[in-house]
Structures are given as structure tokens and as C-alpha cells.
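Hi,

Here is the structure I promised to pass on.

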Amino acid sequence: MAQYQDHMLILKSRVYRESDVLLTLFGIKSGKIGAVAKGARRPKSRLAGVYPLSYVICQLYHGRSSLDTVNGVDLVEGFPGLQKDLSKLSWALLLADLVDEMFSERDPAPEVVPWIIAAWDRLAREGSHLTTALSTGWQLLKLAGYIPRWETCDVCGDIPRQNSVGVDWDQDVMYCSKHLPPSSEQSRGMEISLGSFRTWQGWMALDVTKLGNYEAKGIIGDQLFFLFGRYIERHIGRMPRSWQFVREVENIGEQERNRLF
Ligand SMILES: [Zn+2]
């Protein structure tokens with residue numbers, strides 16, 4: 001039982017009991033935790049400013065309950081631009097959901113925090129939202145321990161250099177254009193263009209200060225959006241609701257255009 005302080009992302013908040021707010025936080029030291037901000041719904045509460053998609057310094061109390069208690073919050077960065085634009089908001093919420101889904105409670109993963117700060121900041125200000133959010137999404141997967149071995153063809157061992165490649169999210173292998181598996185009913189992979197594959201490779205090798213590089217436009221963006229969704233579905237188990245929200249807001253393409261195998 002102890003008081004502690006941490007730099008934290010506020011991922012989510014929801015109404016709890018009469019005047020409280022239940023927060024999902026992700027701290028540099030603490031990892032993901034659930035906490036109650038007591039009285040935060042009262043207008044005069046000193047916790048009245050707690051809202052999701054922000055970065056704060058939080059004072060907390062950890063007692064016998066699985067939920068910690070928030071005693072104080074100081075805003076570090078509020079990313080106000082996110083709340084003014086439905087597209088920015090939908091992608092920012094998706095990243096918050098992905099962090100929530102991918103990481104277990106009280107299991108610190110401090111590298112997550114700078115990625116989310118950089119992504120929310122960039123979404124709030126500039127650039128391609130899809131590129132920012134999906135390249136961050138793949139980095140989150142990497143930090144959570146999911147690293148697809150999409151490097152050389154599983155059949156011939158070559159590094160693909162032309163046309164397209166097949167990426168298999170079930171077995172975590174890939175195929176060059178000569179050895180693409182035939183289409184099947186139960187899809188476990190899809191064919192993507194070499195351009196999409198190179199963009200994905202760029203994203204996987206990215207440093208947080210270079211977020212926004214390897215912009216995915218047009219069909220490349222569509223393919224990488226769909227691929228990320230399938231990978232999450234297979235490895236994390238379910239898609240957060242914000243995924244559908246992003247698709248609707250961005251009017252993202254027909255999945256049928258992609259050849260599956
Ligand atoms: Zn091959």
C-alpha cells in the first residue's frame with residue numbers, strides 16, 4: 001500500500017458510480033492500470049480536468065483494491081487538435097484501444113509512451129493520419145512481442161524484388177511472387193504490392209523521431225490498413241470498436257479488392 005507518482009497516458013475514461021470517473025492509464029513506471037478519480041464529475045473537483053488522450057503526471061494510491069485511486073493530476077500535454085477533427089480523433093482512439101488490448105495490467109513497457117505521445121502529437125498537427133497511426137500500431141505490436149518474420153520467401157529463400165509478395169499472418173511467413181499460394185476459402189494471408197511491403201519494412205525499422213516517414217498513399221494505404229487489421233485479429237484476438245469507427249470516418253476501401261490466400 002503506497003502513494004506513488006508516474007508520467008502517464010490517459011487512454012480511456014468512463015463514468016463510474018455517482019460522481020467518479022474510471023480511468024485506464026498507461027504509466028512509464030507502472031504500465032497499464034485502472035484507477036478511480038473520485039468526485040471527478042463534480043464541477044469543482046480538482047480532478048475535473050482528467051480526460052482521455054492526454055499525457056499527465058499522476059499522483060496515485062495503490063491499496064488492496066485492483067483499482068488504484070487518483071489523488072492528483074497535472075496536465076503535461078493535452079493534444080487539443082485531436083478533439084476538433086473526427087478523423088484525427090478516430091485514429092487517436094484506435095491507438096489508445098490498441099495499447100489497452102495489447103498490454104497486460106502492471107506489466108511495464110516504458111517504450112510505448114514516447115510512441116503514443118509522438119503519434120497523438122503528429123495526428124493533432126500534421127501529416128497522413130493513416131501513416132502515423134499504422135506505423136505506430138506496428139511498433140506497438142513489436143513492443144508487445146509480435147514480430148512477423150516477413151523477410152525472405154518461405155519456399156525459395158529469396159528476398160522479393162519484383163511485383164508483389166504474399167504475407168501470411170497465421171504462420172508468420174512470406175512468399176515471393178513466384179511462390180504465392182493459391183486463393184483459399186479460409187484466408188491466412190494476402191498478396192500485397194512490393195511498394196506496400198517496402199513501406200511496411202520502413203515502418204518496422206522506424207525510430208520514434210522519424211514517425212511520419214514512409215507515407216502510405218492510395219492502394220498502399222488500403223492494403224496496409226487491411227493487413228494490420230487481419231494481423232491484429234489473428235494475434236490479439238479481437239478488433240477494438242474504434243477500428244470500425246476509423247473505417248467509417250475514412251471510408252476505407254473494399255476488402256474484396258485484395259487477393260487472399
Ligand atoms: Zn519464392
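First, some housekeeping. This is a predicted model, so local features need pLDDT of at least 70 and side-chain atom pairs count only at pLDDT 80 or more, while totals for chains, interfaces and linings use all residues. Residues are numbered from 1 along each chain as its sequence is written, and side-chain values use heavy atoms, with hydrogens and water left out.

Let's start with helix 1, residues 86-102. (Helices are DSSP runs of H or I with at least four residues, numbered from the N terminus.) Helix 1 has 17 residues and reaches 24 Å from its first C-alpha to its last, close to the 24 Å expected at 1.5 Å a residue; the expected span is 1.5 Å times one less than the number of residues. Of its 17 residues, 14 are buried, meaning under 20% relative accessible area with a 1.4 Å probe, protein chains only. At the start of helix 1, a side-chain oxygen of D85 comes to within 2.8 Å of the backbone nitrogen of S87.

The side chains of H129 and S87 make a polar contact at 2.8 Å. (That is a pair of N or O atoms within 3.5 Å; within protein, one must be able to donate a hydrogen and the other to accept it, and residues adjacent in sequence count only if both atoms are side-chain atoms.) H129 counts as buried because its relative accessibility is 17%.

Now for a pair of helices. The axes of helix 2 (residues 112-125) and helix 3 (residues 129-143) come within 10 Å and cross at roughly 175°. (Axes are lines fitted to C-alpha atoms over the stretch in contact, and angles run from 0 to 180 degrees between N-to-C directions.) The two helices are therefore roughly antiparallel to each other, the word for angles over 145 degrees.

Last comes helix 5, residues 218-236. Its end C-alpha atoms are 27 Å apart, which agrees with the 27 Å that 19 residues should span at 1.5 Å a residue. Helix 5 is mostly covered, with 15 of its 19 residues buried. H235 lies in helix 5, and its side chain reaches the backbone oxygen of W169 at 2.9 Å. After helix 5 comes G237, whose phi is positive, near 105°.

Cheers

Technical notes. Angles under 35 degrees count as roughly parallel, over 145 as roughly antiparallel, 65 to 115 as roughly perpendicular and the rest as oblique. Buried means under 20% relative accessible area, exposed over 50%, partly exposed in between (1.4 Å probe, protein chains only).
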